[in-house]
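Welcome! Let us walk through a protein together, one question at a time.

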Amino acid sequence: MKYTILTLFPDLIRPWTEESIVQKAIQKGLIEVDIRDIRAYSEDKHKTVDDTPYGGGAGMVMRVDVVVRALEAAGPADERILLSPAGAPFTQRMAEELARKSHLVLLCGRYEGIDARVEHFVTREVSIGDYVLMGGELGALVILEATARLIPGVIKEAESHQQDSFSTGLLDYPHYTRPPEFRGQSVPEILTSGHHAKIAEWRRKQALKRTKERRPDLLEKAELTAKDLVWLEEEST
Ligand code: JCQ
């Protein structure tokens, strides 16, 4: 997978690619991250990338000609994605879809926005949540993180099973490690019992309970078995 990130702040993106799992994935040749400064595509002597809005008002708007030159220079892509609060909500399902592509271009806007005509040069607009950021850079990194970890070989096999449990649409079950007791809180006894089937059942029930308590909206779309539905009716879940 190749990611091309178009930004006015390449220095904000670069450290993410020079550390951690993303860096290891690059070293292994599993992903490539090409960070490009949108300013390099400005053609005037002051390297201007924005201008005042037609119709008046506060703030500046990124110029369509500069942004489209940057998009076209990125070359052929499966998706050209504009990060924007007005985009379609980013979900695990969308991450799974995008992780199967070969080249994603992630376009980060800044200032008050980008000239609306850019819409015709992107394949989709994506939002990472209902809040307004100062630019699309964090959104681009969120898409990079969420998709790269789904590419085979990027994370350990053991960890990818856990991701499967999220893709069933439930919150994860609670995890514990040593010490067995910490300031009055003990590890649930079942986890030290060695009964693997019982542990799997307990974890599933915990995932259902947590989802019901914290994100009941997720239960509507979750893949639930007949057993799950019975457990959800129980007082304890
Ligand atoms: C992304 N949720 C919030 C801010 C305008 C393209 O136009 C704009 C882009 C941004 C940056 O993205 C976000 C965002 N998902 O704020 C304003």
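Here are some questions and answers about this chain.

This is a predicted model, in which local features need pLDDT of at least 70, side-chain atom pairs count only at pLDDT 80 or more, and totals for chains, interfaces and linings use all residues. Residues are numbered from 1 along each chain as its sequence is written, and side-chain values use heavy atoms, with hydrogens and water left out.

Q: How far apart do the C-alpha centres of domain 1 and domain 2 lie?
A: The domain assignment, whose bounds come from an automatic or database source, gives domain 1 as 2-148 and domain 2 as 165-236. Between the C-alpha centres of these two domains the distance is 37 Å.

Q: Is glycine 109 buried or exposed?
A: Glycine 109 is in the loop between strands E6 (103-108) and E7 (124-127); strands (E, at least two residues) and helices (H or I, at least four) are DSSP runs numbered from the N terminus. Buried means under 20% relative accessible area, exposed over 50%, and partly exposed in between, using a 1.4 Å probe and protein chains only. Because its relative accessibility is 13%, glycine 109 counts as buried.

Q: Where is glycine 129, and what is its relative accessible area?
A: Glycine 129 sits in the loop between E7 and helix H5 (137-148). This glycine is buried, with a relative accessible area of 19%.

Q: What is the phi of arginine 183?
A: Most residues other than glycine have a negative phi. Arginine 183, in the loop between E8 and strand E9 (185-186), is exposed at 75% relative accessible area. Its phi is positive, at about 45°.

Q: What is the omega of the peptide bond from arginine 178 to proline 179?
A: Proline 179 lies in the loop between helix H6 (157-167) and strand E8 (181-182). Most peptide bonds are trans. The bond from arginine 178 to proline 179 is cis, with omega near 5°.
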